[in-house]
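Welcome, and thanks for opening your viewer. Let us walk through this chain together, one selection at a time.

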Amino acid sequence: MFRAWIRSKRSEFVRDILRDFCLSQQVLENQFRMFDAEERLDFEVLREVLGVEMNKGLLWRLKDTAHHLFRTDRDADVHGQLLGWCLGYIFHETMKLKEDAYQREIYGGRFLEFRQIGLRPEERGIVGELSKVVDQTRESMRREVARIRFIIASSRQLFLRYLPEHRDNALLARLLYDQNSLVRMAFAQDYQALISALYGDRPGKMYHLAAQSLLLGGWEREAARAEEEGKMVMGEV
């Protein structure tokens, strides 16, 4: 029964994992750029993007959707299985990063206060030894940021290999049409490769499928606009 439900929701889940991947990638990369410049992360942002069991955040929902889609879909190819692994790995690695960010922000800040007060020689020795732990936390954060960036890049490549079997998914096409700037930002130099992998020499198909989805939702004017844009892309007008 559960697998039948998953199959009935497959088109939505495929749309959702691409959307939530792009959204979470933007949040994380903004944090990583701040870390590159200032060696700090915003703990509250990481906590929000992760969430908690009773109030799941973007990354948690992405991990759960990937779990439903890939672990219960016996027909998913190896690219799908690897993509599901990557999306789960990003979640768990970000959990570790959040804890390190908290330690650095709260305990690291308190530790700096110790170093700024007058200390006796033996106290300076203790503080000197403990500072190594603070440095290790900073190094852990560097490694975690590098790992997450690597897995995100790998996920983009796996999307290029997994999504072509869903080229007829109208909900996916509508996402690519409605939130094109988001997908472009997330995939950057791989964006054109994504569209080519999905639609080959028929890029207008994305607009046609998006128009179908919009029409089903009652968005007649938007559907007509999507169809017109598709014709322009294909040089039919």
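How many helices and strands make up the secondary structure of the chain? There are 11 helices and 2 strands, where helices (H or I, at least four residues) and strands (E, at least two) are DSSP runs numbered from the N terminus. Before you select anything, note that this is a predicted model, in which local features need pLDDT of at least 70 and side-chain atom pairs count only at pLDDT 80 or more, while totals for chains, interfaces and linings use all residues. Residues are numbered from 1 along each chain as its sequence is written, and side-chain values use heavy atoms, with hydrogens and water left out.

**The whole chain**

Colour by secondary structure and follow the sequence: the pattern reads α-α-α-β-β-α-α-α-α-α-α-α-α. Of the 237 residues, 45% are buried; buried means under 20% relative accessible area, exposed means over 50%, and partly exposed is in between (1.4 Å probe, protein chains only). Contacts are heavy atoms within 4.5 Å. Among the contacts with a separation of 6 or more, 74% are between residues 24 or more positions apart.

Select Glu 39, in the loop between helix 2 (10-38) and helix 3 (43-50). Its phi is positive, about 55°, although Glu 39 is not a glycine. Most residues other than glycine have a negative phi. Glu 39 counts as partly exposed, at 28% relative accessibility.

Show the side chains: Arg 40 and Glu 38 are joined by a polar contact of 2.6 Å. Such a contact is a pair of N or O atoms within 3.5 Å; within protein, one must be able to donate a hydrogen and the other to accept it, and residues adjacent in sequence count only if both atoms are side-chain atoms. Leaving aside residues up to four places away in sequence, Arg 40 touches Gln 31, Met 34 and Phe 35.

**Second stop: the rings**

How many aromatic pairs does the structure hold? It holds 8; rings of Phe, Tyr and Trp (its six-membered ring) pair if their centres lie within 6.5 Å, with planes under 30 degrees apart stacked, over 60 edge-to-face and the rest tilted. Select Phe 43 and Tyr 102: their ring centres are 5.0 Å apart and their planes are at 55°, so this pair is tilted. Phe 43 lies in helix 3 and Tyr 102 in helix 5 (residues 78-116), so the pair ties together parts 59 residues apart in sequence. Phe 43 is buried at 9%, whereas Tyr 102 is partly exposed at 32%.

Next, highlight Phe 21, Phe 159 and Phe 187, which form one aromatic cluster.

**Last stop: a buried charge**

Go to Glu 144 in helix 6 (residues 121-162). Glu 144 is buried but has no salt bridge, and the nearest side chain of opposite charge, Arg 147, is 4.5 Å away. A salt bridge needs a side-chain nitrogen of Lys or Arg within 4 Å of a carboxyl oxygen of Asp or Glu; Lys and Arg count as positive and Asp and Glu as negative, while His and the chain ends are not counted. Apart from residues up to four places away in sequence, Glu 144 touches Glu 93, Lys 96, Leu 97 and Asp 100.
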